[in-house]
Amino acid sequence: MTTTLVTNIATLVTNDPALGDGPLGLVENGALVIDGDRVVWAGAAEDAPDADLRHDARGRACIPGFVDSHSHLVFAGDRTQEFNARMSGRAYSAGGIRTTVAATRAASDDELEANLTRYLDEALRQGTTTFETKSGYGLTVEDEARALRIAARHTDEVTYLGAHVVSPDYADDPAAYVALVTGEMLDACAPHARWIDVFCEKGAFDGDQARAVLTAGKAKGLLPRVHANQLGYGPGVQLAVELDAASADHCTHLTDADVDALAGSATVATLLPGAEFSTRAEWPDARRLIDAGATVALSTDCNPGSSFTSSMPFCIALAVRDMGMTPDEALWSATAGGAAALRRTDVGRLTPGSRADLALLDAPSHVHLAYRPGVPLVREVWRAGKRV
């Protein structure tokens, strides 16, 4: 393998306190050595070993590639009219998903894959090197399975979300739809997915239905994650902790018991500020969760209805401005936190043995991601040791 030394880094974020200062493991005037698709050394430039090639970071900050652990990218159409109406005063509810379901069912495989790759490329340009994505806009056995087949060609982090909302075909018999989701649909989808998810919310699935979906998925070898407590208080967070879900996502409306449960578990609280921004909803209280000791991730929730952004830097800026996070906490949550939400140790950090996923910023510090919101600061992206 050819080794590459990336040097002249103004500030290197390793996310390893053993390598540098604070929780981010910050190294001033840092350097990295990449061998193949892995980081093999990280530290101060003055201590860097020799390498076959040298890449000058030109005094930029270097951060781990973002880990977006919650997105919905296999869909067709958009919901511009719904967004326009919401910005004019109409409230957000779970039911708008059905609009995207109709468009997705009507789209060809090629159209769905073209949309997916378009948004993945968009995210990559903004520094996202690992992403999770879900089904959930087909709601038939065939459409859910094809969504997962398409997604699995682009990521290992694929989530079966047949339980997004009750299919309009079963509007009068939700129990029959839950039986489909936990039976024939699960059998068709499980071979293409790593995760199973459920939207546990008024207007979607209640606690008993959500438990049935997740336990059926676990029996098929799928790992659980939960859309929890987005629109109101409910059983989603407690269910996620009970079933050792990797993450409870949204976490906007939490009781003290919910916060304590997350803090005492391995379930990550994944916060999705793009959704609150796009629906003018109450912001999640990240400060409350962090102070209680919960692990927090940040993700985009990129979807056509409630959070049509692929920008992790934008979500970082929102989290700092409106959710009580410091710039350091927000960056950690968008990288190492996202990795924790996917139960990954090889991404979200720049340490020996980690995958060589990194972004160089047109700024000397990662703080500029929140300090200069909306500015395209990501100058270079490397994924698996290759500049892309």
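**A guided look inside**

Let us begin with a loop: R280 sits in the loop between α10 (273–279) and α11 (286–292). Helices (H or I, at least four residues) and strands (E, at least two) are DSSP runs, numbered from the N terminus. This is a predicted model, in which local features need pLDDT of at least 70 and side-chain atom pairs count only at pLDDT 80 or more, while totals for chains, interfaces and linings use all residues. Residues are numbered from 1 along each chain as its sequence is written, and side-chain values use heavy atoms, with hydrogens and water left out.

Back to R280: its phi is positive, about 55°, although R280 is not a glycine. R280 counts as exposed because its relative accessible area is 59%. On this scale, buried means under 20% relative accessible area, exposed over 50%, and partly exposed in between (1.4 Å probe, protein chains only). R343 also has a positive phi, near 55°, and is a residue other than glycine. You will find R343 in the loop between α14 (336–341) and β16 (358–361). With a relative accessible area of 35%, R343 is partly exposed.

On a 1 Å grid over the protein atoms alone, a cavity is a set of points where a 1.4 Å probe fits but cannot get out, and a pocket is an open set with protein on both sides within 12 Å along at least five of seven lines; lining residues have an atom within 4 Å of a point. Grid points are joined across faces, edges and corners, and a volume is the space filled by probe spheres set on the points.

The largest pocket holds about 300 Å³ of space. Its lining consists of 15 residues, and T129, F131, H154, T155 and R383 lie nearest its centre. Both α3 (109–125) and β7 (128–131) supply at least two residues each to this lining. By class, the lining of the largest pocket has three nonpolar, six polar and six charged residues. Here Ala, Val, Leu, Ile, Met, Phe, Trp, Tyr, Cys and Pro count as nonpolar, Asp, Glu, Lys and Arg as charged, and the others, Gly among them, as polar.

How many cavities of 30 Å³ or more are there? The count comes to three. The second largest cavity has about 70 Å³ of space, and residues including D68, Y119, F131 and C302 line it. In the lining of this second largest cavity, α3 has the largest share, with three residues. The lining of the second largest cavity comprises six nonpolar, four polar and one charged residues.

Next, the packed interior. In soluble globular proteins, nonpolar side chains tend to be buried together. A nonpolar core is a set of buried Ala, Val, Leu, Ile, Met, Phe, Trp, Tyr and Cys residues joined through side-chain atoms within 4.5 Å. In this model the largest nonpolar core has 87 residues, and Y160, L262, L289 and L298 have the most contacts inside it. Helix α4 (residues 141–152) gives the largest share of this core, six residues. Another core, of 15 residues, lies apart from it, with V27, I34, A42 and W382 among its members.

Contact means heavy atoms within 4.5 Å. Leaving aside neighbours within four places in sequence, E132 is in contact with D68, S69, H70, S71, E157, T159, R225 and L342. E132 belongs to the loop between β7 and β8 (133–134), and E132 counts as buried because its relative accessibility is 0%.

Finally, look at the aromatic rings. Rings of Phe, Tyr and Trp (its six-membered ring) pair if their centres lie within 6.5 Å; planes under 30 degrees apart count as stacked, over 60 as edge-to-face and the rest as tilted. The count comes to seven aromatic pairs. The ring centres of F75 and F308 are 5.9 Å apart and their planes are at 70°, so this pair is edge-to-face. The pair links distant parts of the chain, with F75 and F308 233 residues apart. F75 counts as buried, at 0% relative accessibility, whereas F308 is partly exposed, at 40%. F75, Y119, Y137 and F308 form one aromatic cluster.
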